[in-house]
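Me: I am new to this structure and would like to go through it step by step. Please show it first.
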Amino acid sequence: MPKYYEEKEEDGRACAGVREDFKNCLLQHDCVLKDGKKPSECLKEGHCRSLQVSFFECKRSMLDTRARFRGRKGY
(Lines give C-alpha, C1' and ligand atoms only; values in the text may rest on other atoms or scores of the structure.)
Protein backbone atom coordinates (compact mmCIF):
# COMPACT_ATOMS: atom_id res chain seq x y z
CA MET A 1 0.00 0.00 0.00
CA PRO A 2 1.16 3.56 -0.56
CA LYS A 3 2.85 5.30 2.29
CA TYR A 4 0.89 7.99 4.10
CA TYR A 5 2.15 11.57 4.20
CA GLU A 6 0.23 14.31 5.98
CA GLU A 7 1.27 17.14 3.66
CA LYS A 8 1.13 15.09 0.47
CA GLU A 9 -0.65 16.49 -2.58
CA GLU A 10 -3.55 14.48 -3.91
CA ASP A 11 -2.45 12.68 -7.07
CA GLY A 12 -5.49 11.77 -9.12
CA ARG A 13 -3.56 10.01 -11.86
CA ALA A 14 -4.00 6.33 -12.48
CA CYS A 15 -1.61 4.02 -10.63
CA ALA A 16 -0.42 6.88 -8.40
CA GLY A 17 0.17 4.68 -5.36
CA VAL A 18 2.26 2.12 -7.22
CA ARG A 19 4.14 4.88 -9.01
CA GLU A 20 5.04 6.60 -5.74
CA ASP A 21 6.18 3.39 -4.03
CA PHE A 22 8.23 2.39 -7.07
CA LYS A 23 9.93 5.78 -7.16
CA ASN A 24 10.67 5.71 -3.43
CA CYS A 25 12.03 2.17 -3.64
CA LEU A 26 14.49 3.18 -6.34
CA LEU A 27 15.60 6.40 -4.69
CA GLN A 28 16.05 4.81 -1.25
CA HIS A 29 17.88 1.71 -2.51
CA ASP A 30 21.55 1.17 -1.61
CA CYS A 31 22.40 1.01 -5.30
CA VAL A 32 21.53 4.71 -5.65
CA LEU A 33 22.49 5.98 -2.20
CA LYS A 34 25.77 4.15 -1.55
CA ASP A 35 27.02 3.30 -5.02
CA GLY A 36 25.99 6.61 -6.58
CA LYS A 37 24.43 5.01 -9.64
CA LYS A 38 21.47 6.36 -11.57
CA PRO A 39 18.06 4.79 -10.86
CA SER A 40 17.88 3.59 -14.47
CA GLU A 41 21.12 1.66 -13.98
CA CYS A 42 19.75 0.05 -10.82
CA LEU A 43 16.62 -1.02 -12.72
CA LYS A 44 18.77 -2.84 -15.25
CA GLU A 45 20.43 -4.71 -12.38
CA GLY A 46 16.99 -5.91 -11.23
CA HIS A 47 16.36 -3.88 -8.07
CA CYS A 48 12.71 -3.14 -7.06
CA ARG A 49 11.56 -5.66 -9.66
CA SER A 50 8.25 -6.54 -7.99
CA LEU A 51 7.13 -2.90 -7.89
CA GLN A 52 8.21 -2.44 -11.50
CA VAL A 53 6.03 -5.38 -12.54
CA SER A 54 3.11 -4.07 -10.46
CA PHE A 55 3.40 -0.64 -12.07
CA PHE A 56 3.54 -2.22 -15.54
CA GLU A 57 0.46 -4.34 -14.83
CA CYS A 58 -1.44 -1.33 -13.55
CA LYS A 59 -0.61 0.73 -16.64
CA ARG A 60 -1.44 -2.20 -18.93
CA SER A 61 -4.81 -2.71 -17.26
CA MET A 62 -5.73 0.84 -18.27
CA LEU A 63 -5.72 -0.29 -21.91
CA ASP A 64 -7.67 -3.48 -21.25
CA THR A 65 -11.33 -3.02 -22.07
CA ARG A 66 -12.26 -5.72 -19.54
CA ALA A 67 -10.89 -3.44 -16.79
CA ARG A 68 -14.17 -1.53 -16.94
CA PHE A 69 -15.78 -4.47 -15.18
CA ARG A 70 -12.85 -5.77 -13.13
CA GLY A 71 -11.23 -2.52 -12.10
CA ARG A 72 -7.58 -1.54 -12.40
CA LYS A 73 -4.85 -3.74 -11.06
CA GLY A 74 -2.60 -2.33 -8.38
CA TYR A 75 -3.67 0.05 -5.68
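Me: How much of the protein chain is buried?
Reply: Of the 75 residues in the protein chain, 25% are buried. Please bear in mind that this is a predicted model.

Me: And what does the surface consist of, in terms of atoms?
Reply: The chain exposes about 6000 Å², and 51% of that area is supplied by carbon and sulfur atoms.

Me: How many helices and strands are there?
Reply: The protein chain has five helices and zero strands. Read from the N terminus, the order of elements is α-α-α-α-α.

Me: What share of the contacts links residues 24 or more positions apart?
Reply: Among contacts with a separation of 6 or more, such pairs account for 41%.

Me: Let us turn to H4. Which of its residues are buried?
Reply: In H4, the buried residues are Leu 51, Phe 55, Cys 58 and Ser 61. These residues lie on the same side of H4, because they cover an arc of only 125° around the axis.

Me: Why would residues spaced like that point the same way?
Reply: An α-helix has 3.6 residues a turn, so residues three or four places apart point the same way.

Me: Where is Ser 61, and what does its side chain reach?
Reply: Ser 61 belongs to helix H4, which covers residues 49-63. Its side chain reaches the backbone oxygen of Cys 58 at a distance of 2.7 Å.

Me: Why does Ser 61 count as buried?
Reply: Ser 61 has a relative accessible area of 7%, and the cut-off for buried is under 20%.

Me: A new topic: how many aromatic pairs are there in the whole structure?
Reply: A search of the whole structure finds one aromatic pair. Phe 22 and Phe 55 form this pair, which is stacked, with 6.2 Å from centre to centre and 25° between the planes.

Me: Where do the two partners sit in the chain?
Reply: Phe 22 is in helix H1 (residues 16-27) and Phe 55 is in helix H4. They are 33 residues apart, and the pair thus links distant parts of the chain.

Me: Are those two buried or exposed?
Reply: Phe 22 is buried, at a relative accessible area of 12%. Phe 55 is buried as well, with a value of 17%.

Me: Where is Ala 14, and how far apart are Ala 14 and Met 62?
Reply: Ala 14 lies in the segment before H1. The C-alpha atoms of Ala 14 and Met 62 are 8.2 Å apart, although the two are 48 residues apart in sequence. Ala 14 counts as buried, with 15% relative accessibility.

Notes. Residues numbered from 1 in each chain as written. Predicted model: local features only at pLDDT ≥ 70, side-chain atom pairs only at ≥ 80, totals over all residues. Heavy atoms only, no water. Helix = DSSP H or I, 4+ residues; strand = E, 2+ residues; numbered from the N terminus. Buried < 20%, exposed > 50% of the residue type's maximum accessible area, 1.4 Å probe, protein only. Contact = heavy atoms within 4.5 Å. Areas by Shrake-Rupley, 256 points an atom, 1.4 Å probe, with all protein chains shown as cover. Polar contact = N/O pair within 3.5 Å; in protein donor to acceptor, adjacent residues only side chain to side chain. Arc of directions from axis to C-beta. Phe/Tyr/Trp six-rings, centres within 6.5 Å; stacked < 30°, edge-to-face > 60°.
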